[in-house]
Amino acid sequence: MSKAFTKETDADDDDAAEGVAPALPVGTKNYMTPGGYARLRDELLALMDVERPKVVEAVHWAAKNGDRSENGDYLYGKKRLREIDRRIRFLTKRLEVAEVTDPSVHHGRDQVFFGATVRYADAAGNERAVTILGIDEAESAKGQVSWISPIARALLKAREGDVVKLATPGGLQELEILSVAYPAPAGA
């Protein structure tokens, strides 16, 4: 049977929502920085208080215009409403299990923990820097990696000057940690 003739369920919505961000590994915590938690909470509140009411109003208006089967405003509005509700459920679940960890408590230390910005060099001398953040807040385009990523796992608990091994598809790679930095505590 064609997918077009099947009924959408909440299970389908949850599967789609989990495609937005990686699922949490079983038995792990959802570590997040205070800033990351605040951004997700702000997004959730904006969806619930601003975006959803606007779309509900548009759907209500479109529903009054007659034949719903050919009413583009109504059909698009209902689809957008499902997307918003899916994102609200996803954010609610992620925030409920979030464990906020302030990386500034490690300011001045040379060991790699959650929230560290680590500068390292590979065997060829190429230098890179990554910041280790939570699953829901890391953006690779900004040089941020999730704490469960292979590079973060290799770097965690090492110190400046240490050489760590990273398993890559091209083989084992050695990385030398050049520096470790943390954000300064608030008010410092």
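This is a predicted model: local features need pLDDT of at least 70, side-chain atom pairs count only at pLDDT 80 or more; totals for chains, interfaces and linings use all residues.
Residues are numbered from 1 along each chain as its sequence is written, and side-chain values use heavy atoms, with hydrogens and water left out.

On confidence, pLDDT is the predictor's own score for each residue, from 0 to 100, and the chain averages 86, with 87% of the residues scoring at least 70. Over residues 9-19, however, the pLDDT is below 50, and that stretch has 11 contacts in the model beyond near neighbours in sequence, a contact being heavy atoms within 4.5 Å.

Now to the strands. Helices (H or I, at least four residues) and strands (E, at least two) are DSSP runs numbered from the N terminus, and two strands pair if DSSP finds at least two bridges between them. Strand 6, residues 163-168, runs antiparallel to strand 7 and is joined to it by six bridges, with a hairpin of two residues linking them. Besides the pair I opened with, Ala 167 stands opposite Leu 172 in strand 7. Strand 7, residues 171-181, also pairs with strand 3, residues 117-122, in the antiparallel sense over six bridges, and there Val 118 has Val 180 as its bridge partner.

Next, Glu 137, which is found in the loop between strand 4 (127-133) and strand 5 (144-146). Is Glu 137 buried or exposed? With a relative accessible area of 7%, Glu 137 is buried, where buried means under 20%, exposed over 50% and partly exposed in between, using a 1.4 Å probe and protein chains only. Its side chain makes a polar contact of 2.6 Å with the side chain of Thr 33, and a polar atom of that Glu 137 side chain lies 3.4 Å from the backbone nitrogen of Gly 36. A polar contact here is a pair of N or O atoms within 3.5 Å; within protein, one must be able to donate a hydrogen and the other to accept it, and residues adjacent in sequence count only if both atoms are side-chain atoms.
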